[in-house]
Amino acid sequence: MTWNQEGRTAFTALMEGKINKQLKKVLKKIVKEAHEPLAVADAKLGGVIKEKLNLSCIHSPVVNELMRGIRSQMDGLIPGVEPREMSAMCLGLAHSLSRYRLKFSADKVDTMIVQAISLLDDLDKELNNYIMRCREWYGWHFPELGKIISDNLTYCKCLQKVGDRRNYASATLSEFLPEEVEAEVKAAAEISMGTEVSEEDICNILHLCTQVIEISEYRTQLYEYLQNRMMAIAPNVTVMVGELVGARLIAHAGSLLNLAKHAASTVQILGAEKALFRALKSRRDTPKYGLIYHASLVGQSSPKHKGKISRMLAAKTVLAIRYDAFGEDSSSAMGVENRAKLEARLRTLEDRGIRKISGTGKALAKTEKYEHKSEVKTYDPSGDSTLPTCSKKRKIEQVDKEGEVTEKKAKKAKIKVKVEEEEEEEVVLVEEETSTKKKKKKDKKKHIKEEPVSEEEPCTSTAIPSPEKKKKKKKKKDIED
């Protein structure tokens, strides 16, 4: 198996972009004799060869086709090896290489967390479906029990112990329920409105209850396992956001190393990709948080501060993720310190309304001392009398003044009305004059055509005064009056 181990070490070196000792010897011989560039299947390995041995390399699709041809004709190129032996050697090398990579790969350690959190989510969904079915099924027989017992696990345990509704009177449920609730259940069982069911139905319902209890017990075990794995692999992330949120972030990114490569802004909205792209499409506000919303620090904050806290928490969580992924120390001291800072910041944000805005922002608002000022007020009897307080003379004067004011206003209003009427009459007269002038011109033209030119008529325009001047004089007289 030595050839298998040597092949595995050589292949792993090639995968990492390193040159093996045997490969170095062969390449040094080629450097002396080579006059053309070397064809390389991996561009990374070609760069390493060029740096260390100063040998020019080529990597292109043509080279890949050439390598594929060499692999297909390997049996003819290497003499003394049978095809069966070659296939067995390739298969053994592939198995040993895959085992080695799975065993020593740092990426594969957190696959346990990814699988555990996905199984936990699936168990939660199945439990909800089973419990809903159990409540609905047994509700036909004893519908009042679902309203009295709200906890799902205790509901299934009580049902498993008692079974038929008629057995509640003689059964003792003190293990699962307090005395008051037990008495209420027994009283409800006596006057229940449920239908009668057969023993076979009760057996099937009880079997479903046992399934629910077993799954819930397994879920608690799985949650403990997940807690232990998270504290071992990512202790600082666990302190910052909790086991469930940290595990979901790792599962969403694929691995802890992939999550460490993300920026803080990406970690903040991780899990809300659909909402982000929808907002970008419709040009609306982008989401402020994704999976990180379920962290305890974001839940403690008020709605107006959730965006700020999620942004700060994402920044500190990214530091914790990188420390856990690339750091050699496995302590959670950094996570505890950052969480304390965030909690202090949250307190300052919540108390900002109470605190005074100053240079430091830490000084409490100084309120003035309350001093009780006693003011002695005397009773005013003037408010009781319904009689008028002012004298008759003053009243008469006020009435006279008001009368004069109203008369003046009425005169002004009349003058305005007259002026408006006169203006309307002027407009009508002007229109009539223009129409008469047009008619006269037409008549003159007709006379000229029919008869010869007669003696000149005297001009009457100078003798007749214009109606506009008369109206202006009337206006002046009315204003003077």
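Helices here are DSSP runs of H or I with at least four residues, numbered from the N terminus. The model is predicted.

**Exercise 1.** Place Pro287 in the secondary structure and list what Pro287 touches.

*Solution.* 
- Step 1: Locate the residue. Pro287 lies in the loop between α16 (273-282) and α17.
- Step 2: List the contacts, leaving out residues up to four places away in sequence. Pro287 touches Ile269, Ala272, Ala275 and Leu276.
- Step 3: Check a C-alpha pair. Pro287 and Gln268 are 19 residues apart along the chain, and their C-alpha atoms are separated by 9.3 Å.

**Exercise 2.** Decide whether His305 is buried or exposed, and give its surroundings.

*Solution.* 
- Step 1: Locate the residue. His305 sits in the loop between α17 (296-300) and α18 (306-326).
- Step 2: Apply the cut-off. Buried means under 20% relative accessible area. His305 has 10% relative accessibility, so His305 counts as buried.
- Step 3: Find the partners. Beyond residues up to four places away in sequence, His305 touches Leu349 and Glu350.

**Exercise 3.** Summarise the whole protein: elements, burial, contacts and surface.

*Solution.* 
- Step 1: Count elements. There are 21 helices and 2 strands.
- Step 2: Take burial. Of the 481 residues, 24% are buried.
- Step 3: Take contacts between residues at least 6 apart in sequence. Of these, 59% join residues at least 24 apart.

Key:
Residues are numbered from 1 along each chain as its sequence is written. This is a predicted model: local features need pLDDT of at least 70, side-chain atom pairs count only at pLDDT 80 or more; totals for chains, interfaces and linings use all residues. Side-chain values use heavy atoms; hydrogens and water are left out. Buried means under 20% relative accessible area, exposed over 50%, partly exposed in between (1.4 Å probe, protein chains only). Contact means heavy atoms within 4.5 Å. Accessible areas come from the Shrake-Rupley method with a 1.4 Å probe; for residues, only the protein chains shown count as cover.
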